Amino acid sequence: MDIAVTTRPVRPADRTLFYRLWPRLSPETIYRRFHAPVHRLPDETVRRLVTVDHDLREAVVAVVGGEVVGVARYDRPSEDPSTAEIAVLVEDAWQGAGVGRQLLASLTDLAARRGVRTFTATVQPDNRPVLGLVRRLLPGSTVTPDADVLTVTSPLPPEPVSASPRADSLLATATI
Ligand SMILES: CC(C)(COP(=O)(O)OP(=O)(O)OC[C@H]1O[C@@H](n2cnc3c(N)ncnc32)[C@H](O)[C@@H]1OP(=O)(O)O)[C@@H](O)C(=O)NCCC(=O)NCCS
C-alpha cells in the first residue's frame, strides 16, 4: 500500500510525537543512532531535539498519518558553520521505504542553502544502509576508521543537492 510521507522542519509542538515514536524504535535502531543502549528518553533530551534555531541546528521530520516516523538533524559549530555533524533515524516499520533518503535530501538541501560545505557522520562499520545511502546521495564521501566507528565526511556542492522545497512529500510502501 502506498502512503504519503511528508518531510518538514521540526517544531516544538512535535514533542508529543517524539515521545510516541520512541517505543516504536528497536534497541538496534536506537544503538545505531546513539552508539549506546538508551533505555529512557529524558525530557531534557526531547526538548533539545525539538527546539532548533533552523540555522546552526536543524532537524527535519518525516510525518505519516500525523505521526513522526523519522528524523534527520544537523548541528554546526558557530566557530566553523561551514561544517555540520548529521544524524538520521527512521522507525523500524518504515525502514527500507525511501524515508531516510528523503530526509537526508531535505536536510542537505537546507544545509547547502545556509553555507554548509562539509557533512560528517559517525556510523558503525556494519551499518550498510546508511553507508550506501550517504554514498549514493553524496558521491564524494570518504570514510575514515575512528576507534570502533567510522567517520563519514561528505563535501556538499554550493548549490542544493536537489531542488526540494521546505516541506516535501513522497509516496512510500511500508510493512505496517
Ligand atoms: C539508516 C536509516 C536512517 C536508513 O533509512 P531508510 O529509510 O531505511 O533508508 P531508505 O529506505 O531511504 O534506503 C536508503 C538506502 O539504503 C538501502 N537499505 C535500506 N535498508 C537496508 C538494509 N536493511 N540493508 C541494506 N540496505 C538497505 C536501500 O536499498 C537504499 O539504497 P539505495 O539508495 O541504493 O536504493 C535507517 O535504516 C535507520 O534509522 N537506521 C538506524 C539508525 C541509523 O543507523 N542511523 C545512522 C547513524 S546516525
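Residues are numbered from 1 along each chain as its sequence is written. The model is predicted, and local features need pLDDT of at least 70, side-chain atom pairs count only at pLDDT 80 or more, and totals for chains, interfaces and linings use all residues.

The chain contains five helices and eight strands. Helices (H or I, at least four residues) and strands (E, at least two) are DSSP runs, numbered from the N terminus. Along the sequence they follow the pattern β-α-α-α-β-β-β-α-β-α-β-β-β. Of the 176 residues, 28% are buried. A residue is buried if 20 or more other C-beta atoms lie within 10 Å of its own, exposed if 12 or fewer, and partly exposed in between, with C-beta atoms placed from the backbone. Contacts were also sorted by sequence separation. Among those between residues at least 6 apart in sequence, 73% join residues at least 24 apart. Two residues are in contact if their C-beta atoms, placed from the backbone, lie within 7 Å.

Helix α4 is mostly covered, with 12 of its 15 residues buried. Among them are Val99, Gly100, Leu103, Leu107 and Asp109. The length of α4 agrees with expectation, because its 15 residues should span 21 Å at 1.5 Å a residue and its end C-alpha atoms are 21 Å apart. The expected span is 1.5 Å times one less than the number of residues. Just after α4, Gly115 takes a positive phi of about 100°.

Strands β4 and β5 run parallel and are joined by three bridges. Strands pair if DSSP finds at least two bridges between them. The chain passes from β4 through α4 to β5, and this β-α-β crossover is right-handed. That is, with the strands pointing away from the viewer, the path from the first strand over the helix to the second runs clockwise. Ala84 stands opposite Phe119 in β5. Phe119 belongs to the covered face of β5, together with Ala121 and Val123. Thr118, Thr120 and Thr122 form the uncovered face. In a regular strand the side chains alternate between the two faces of the sheet.

Strand β5 also pairs with β7, in the antiparallel sense, through six bridges. One partner pair is Thr118 and Pro155, the latter in β7. Pro155 counts as exposed because it has 12 C-beta neighbours inside 10 Å. Leaving out residues up to four places away in sequence, Pro155 touches Arg117, Thr118 and Gly140. Pro155 and Thr83 lie 72 residues apart in sequence, yet 9.2 Å apart in space, C-alpha to C-alpha.

On β7 (residues 149–155), antiparallel pairing with β6 (residues 142–146) is made over five bridges. Asp146 stands opposite Val149. Strand β6 lies largely in the open, because zero of its five residues are buried.

Most residues other than glycine have a negative phi, and most peptide bonds are trans. His35 has a positive phi near 60°. It sits in the loop between α2 and α3 (43–50). With 14 other C-beta atoms within 10 Å, His35 is partly exposed. His54 has a positive phi near 55°. His54 lies in the loop between α3 and β2 (57–64). His54 is partly exposed, with 13 C-beta neighbours inside 10 Å.
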